[in-house]
Amino acid sequence: MRKTNIFENMENDIMNADINENEKSKLLKNVMRLKENKINIMITGATGCGKSSTINALFDTEVAKVGVGVDPETMEIEKYELDNLILWDTPGLGDGKEADNRHAKNIIHKLAEVDAQGNALIDLVLVILDSGTRDLGTSYELINNVIIPNLGADKEGRILVALNQADMAMKGRNWDYDKNEPNNTLKEFLDKKAASVKNRIFEGTGVNVTPIYYSAGYKEEGEEQSRPYNLSKLLYYIVKATPAEKRAVYVNNINQDENMWKDDDELIDYAKETKRTILQSVMDSASEGADIGGEIGEVFGPAGETVGRVIGTVVGGAAGVVKGIGGGIIDGIKDFFSLW
Ligand SMILES: Nc1nc2c(ncn2[C@@H]2O[C@H](COP(=O)(O)OP(=O)(O)O)[C@@H](O)[C@H]2O)c(=O)[nH]1
Ligand SMILES: [Mg+2]
């Protein structure tokens with residue numbers, strides 16, 4: 001399957017739009033800038049918490065994992081380069097004193113790196129905790145003493161804390177395997193755990209985070225991959241925590257297996273909100289400085305119809321929406337746009 005490219009789609013829309021050449025070239029320049037944006041995410045947490053599983057569930061990681069650093073210092077950080085989305089799979093703490101010292105140093109070093117413009121290289125740190133672990137001491141150590149003090153000025157905007165393996169939080173008890181979700185007892189347990197993590201981080205650092213819980217799913221030898229839970233929620237939080245002008249980058253890299261996005265807590269419609277969030281920022285960034293004001297619709301269609309369609313087909317398994325409702329692709333697309 002040919003990969004969707006949101007930028008090509010925007011360029012086509014702009015080329016075909018009925019606006020003057022001057023505005024056209026401004027818009028095209030904006031898109032060119034958008035295209036060059038890179039997102040760098042550090043994914044960290046103790047060995048076995050599910051960093052690799054989470055990366056594989058969220059993104060289209062068929063593109064080969066690219067090299068680890070050559071020197072022993074950075075060797076343990078694995079780098080994935082998916083177009084302009086760069087993931088740094090970074091060991092957290094809990095591997096013994098000597099290794100932990102090395103890990104902490106590597107993290108601090110990476111957080112201090114700047115890009116060509118002098119901005120912090122790492123846009124966002126995703127810290128993964130294992131919700132089945134009773135003693136989260138090393139995770140607090142990692143968050144409160146290693147990561148947060150090295151996040152610079154905008155600490156709250158650059159860290160996301162997520163509790164993985166929600167299915168195993170009570171050793172597999174109270175997980176509804178048919179519905180692939182926690183029952184009320186487990187939900188309560190997980191809510192409490194998330195609240196206590198929030199408190200410990202606030203007490204330790206004064207920084208307010210909103211931990212969420214999810215399951216990246218898992219694969220057992222010879223069995224089918226179990227579906228993730230709340231992965232759509234995690235993606236929504238990741239997108240919202242990403243600088244607006246970079247959000248379009250996700251569209252080209254999100255896992256297109258709709259099974260990944262089916263089950264969540266349904267507190268809000270995460271797929272819809274993710275689409276809306278990305279579309280809004282893409283339209284804003286594309287039209288920046290161009291004198292088209294309310295006429296953005298003339299370029300990208302009403303409510304960003306054409307760009308929105310591209311986003312819709314990849315974000316949150318909109319393929320499921322298209323197939324699921326009333327049959328027929330056109331109906332599905334109509335349903336999708338009636339949501340706006
Ligand atoms: N039950 C369950 N197992 C998981 C989940 N996420 C990861 N795992 C399993 O936990 C183990 C460690 O995961 P991995 O992604 O390698 O962790 P990493 O060391 O942080 O990269 C693997 O056997 C995964 O299949 C989850 O949400 N639920
Ligand atoms: Mg791993």
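Student: Is Ser-232 buried or exposed?

Tutor: The model is a predicted one, and Ser-232 has a relative accessibility of 5%. The limit for a buried residue is under 20%. Ser-232 therefore counts as buried.

Student: Which element holds Ser-232, and which residues is it in contact with, leaving aside neighbours within four places in sequence?

Tutor: Ser-232 belongs to helix H7, which covers residues 231-240. Its C-alpha atom is separated by 8.6 Å from that of Thr-274, 42 residues apart along the chain. With neighbours within four places in sequence left aside, the contacts of Ser-232 are Trp-261, Asp-264 and Tyr-270.

Student: How are H7 and helix H8 oriented where they pack?

Tutor: Two packed helices are described by the angle between their axes and the distance between the axes. For H7 and H8 (residues 270-286), the angle is about 20° and the axes are 9 Å apart. Because angles under 35 degrees count as roughly parallel, H7 is roughly parallel to H8. The handedness of their crossing is left-handed.

Student: Which residues of H7 and H8 meet, and what is the make-up of the contact by class?

Tutor: From H7 come Ser-232, Lys-233, Leu-235, Tyr-236, Val-239 and Lys-240, which meet Tyr-270, Glu-273, Thr-274, Thr-277 and Ile-278 in H8. By class, this contact of H7 with H8 has 5 nonpolar, 3 polar and 3 charged residues.

Student: Which residues form the contact of H4 with H5, and how many of them are nonpolar, polar and charged?

Tutor: On the H4 side are Ala-104, Ile-107, Ile-108 and Leu-111, and these meet Leu-142, Val-146 and Ile-147 in H5. By class, the contact of H4 with H5 has no polar residues, no charged residues and 7 nonpolar residues.

Student: Where does Leu-136 lie, and why does it count as buried?

Tutor: Leu-136 is in the loop that links strand S5 (124-130) to helix H5 (137-147). Since a buried residue has under 20% relative accessible area, Leu-136 counts as buried at 6%.

Student: Which residues are in contact with Leu-136, apart from neighbours within four places in sequence?

Tutor: One of the residues concerned is Val-197, 61 residues apart from Leu-136 in sequence and 8.6 Å apart in space, C-alpha to C-alpha. Leaving aside neighbours within four places in sequence, the residues in contact with Leu-136 are Leu-129, Asp-130, Lys-193 and Val-197.

Student: How many residues of strand S4 are buried, and which way do they point?

Tutor: In a regular strand the side chains alternate between the two faces of the sheet. From S4, Leu-85, Leu-87, Asp-89 and Pro-91 point one way, while Ile-86, Trp-88 and Thr-90 point the other way, and all are buried. Strand S4 (residues 85-91) is thus mostly covered, and the number buried is 7 of its 7 residues.

Student: Which residue in the turn between S3 and S4 has a positive phi?

Tutor: Most residues other than glycine have a negative phi, and most peptide bonds are trans. S3 and S4 form a hairpin with 2 residues between them. The turn residue with a positive phi, of about 50°, is Asp-83.

Student: What percentage of the residues of the protein count as buried?

Tutor: The protein has 12 helices and 9 strands. Of its contacts with a separation of 6 or more, 71% are between residues 24 or more positions apart. Among the 340 residues, the share that count as buried is 50%.

Terms used. Residues are numbered from 1 along each chain as its sequence is written. Chains are lettered from A and ligands numbered from 1 in the order in which they are written. This is a predicted model: local features need pLDDT of at least 70, side-chain atom pairs count only at pLDDT 80 or more; totals for chains, interfaces and linings use all residues. Side-chain values use heavy atoms; hydrogens and water are left out. Helices (H or I, at least four residues) and strands (E, at least two) are DSSP runs, numbered from the N terminus. Buried means under 20% relative accessible area, exposed over 50%, partly exposed in between (1.4 Å probe, protein chains only). Contact means heavy atoms within 4.5 Å. Ala, Val, Leu, Ile, Met, Phe, Trp, Tyr, Cys and Pro count as nonpolar, Asp, Glu, Lys and Arg as charged, and the others, Gly among them, as polar. Two strands pair if DSSP finds at least two bridges between them. Axes are lines fitted to C-alpha atoms, for helices over the stretch in contact, and angles run from 0 to 180 degrees between N-to-C directions. Angles under 35 degrees count as roughly parallel, over 145 as roughly antiparallel, 65 to 115 as roughly perpendicular and the rest as oblique. A crossing is left-handed if the near helix is turned anticlockwise from the far one by less than a right angle, and right-handed if clockwise.
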